Amino acid sequence: HPLVFMELFIKVLFYINKKNLKVVHCHDTLVLPIGYFIKRIKKCKLFYDAHELESNKNGQTKFMSWGTLFIEKKIWKSIDLLISVSDAIIKWYEKNLGTIENVLILNSPEINVNNENNYKKNYFHKKFKIKHDKLIFLYLGFLTKGRGIEKILNVFKSQDVNSHVVFVGYGPLKKVINDYERKNKNIHFHSAVLHNEVVNLTKNADIGLCLIEKISLSDYLCLPNKFFEYIYAGIPVLASNFPELSRYVRKYKVGFCSNLSFEEIKKAISKIEKSPVEKLKLNFNELSWDAQGKK
């Protein structure tokens, strides 16, 4: 990693040598020291795009967390603009590192209308031979620990659950899902699709699952891509009862929240099964990628 960093640093120095820069935009902490150096020699603005709460996130070692926070603290006063994906994460940075100019850019999907016909109506029902009176719950995204996947699998293998669940994505838990799929007729795996096809695929489900676990502060304060992909596909969301997720669910009336115990998730799914599930018909223009792009 240090050698890769040095290689990147040297290549960037050659690249910017004769360029007149106004802004250097650093996506994540790894390149922030390079951005800081460029700001000093080119007298330009430094933007820090903190895609998550960078010093406290899933899969990060304690050493990496400490190093990330150390870099942020050392460079913080030189940052001209902070970009992040949730209000709660921005407030954490302000409280712990100091107030600087900032902007919230949500993880909203870009809708590709050209792909709308790629996935016909009832696509999941037909592909997995699911009866049309059965609800389909959908999980989108990376198949790894901390995303509630094991909890979802254990709930859906229960005989009390009448619905089906489809996992769309890739990752280390794919084999685990495949094992459950072989033993349970209501659990299904679907390979990942292109980013601009996700929303159109999602329209064929009834409920989106966003049951993130509190394994890091970044996860607890998150507003992930899948949340917005679900609502732009017009399906309600069953989300973790976390600060930002629950606030958006209540504000825009886009679904349900649950604590993450087996019993609570099962109870929430049972409640959904017993009531009519309707597609979302609200206007979410302020959350759209067009609105984020203007920012």
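In what order do the four strands of the open sheet with parallel pairing stand? The order is E1-E2-E3-E4. This is a predicted model, in which local features need pLDDT of at least 70 and side-chain atom pairs count only at pLDDT 80 or more, while totals for chains, interfaces and linings use all residues. Residues are numbered from 1 along each chain as its sequence is written, and side-chain values use heavy atoms, with hydrogens and water left out.

**The four-stranded sheet**

Select strand E1 (23-27) and strand E4 (102-104) to begin. Each stands at an edge with a single partner strand, so one side of each has no neighbour in the sheet. Strands here are DSSP runs of E of at least two residues, helices are runs of H or I of at least four, and both are numbered from the N terminus. Two strands pair if DSSP finds at least two bridges between them. On average, neighbouring strands of this sheet are turned by 20° against each other, direction ignored.

Next, select strand E2 (residues 45-50), which runs parallel to E3 and is joined to E3 by four bridges. Within this pairing, Ala 50 is opposite Ser 84 of E3.

Select Trp 76, in the loop between helix H3 (62-75) and strand E3 (81-84), together with Tyr 93 in helix H4 (residues 87-97). These two rings form a stacked pair, 5.4 Å centre to centre with 10° between the planes. Rings of Phe, Tyr and Trp (its six-membered ring) pair if their centres lie within 6.5 Å; planes under 30 degrees apart count as stacked, over 60 as edge-to-face and the rest as tilted. Trp 76 and Tyr 93 are both buried, that is, under 20% relative accessible area with a 1.4 Å probe, protein chains only.

Move on to Phe 227, Phe 228, Tyr 248 and Tyr 252, which ring pairs link into a cluster.

**Charges over rings**

Select Lys 19, which lies over the face of Tyr 15 at 4.7 Å from the ring centre. Lys 214 has its charged end over the ring of Tyr 220, 4.2 Å from the centre. The criterion is NZ of Lys or CZ of Arg within 6 Å of the ring centre and within 35 degrees of the ring normal.

Finish at strand E9 (residues 237-240) and strand E10 (residues 255-258), which pair in the parallel sense over four bridges. Leu 238 is opposite Phe 256 in E10.

Methods
Buried < 20%, exposed > 50% of the residue type's maximum accessible area, 1.4 Å probe, protein only. Axes fitted to C-alpha atoms, helices over the stretch in contact; angles between N-to-C directions.
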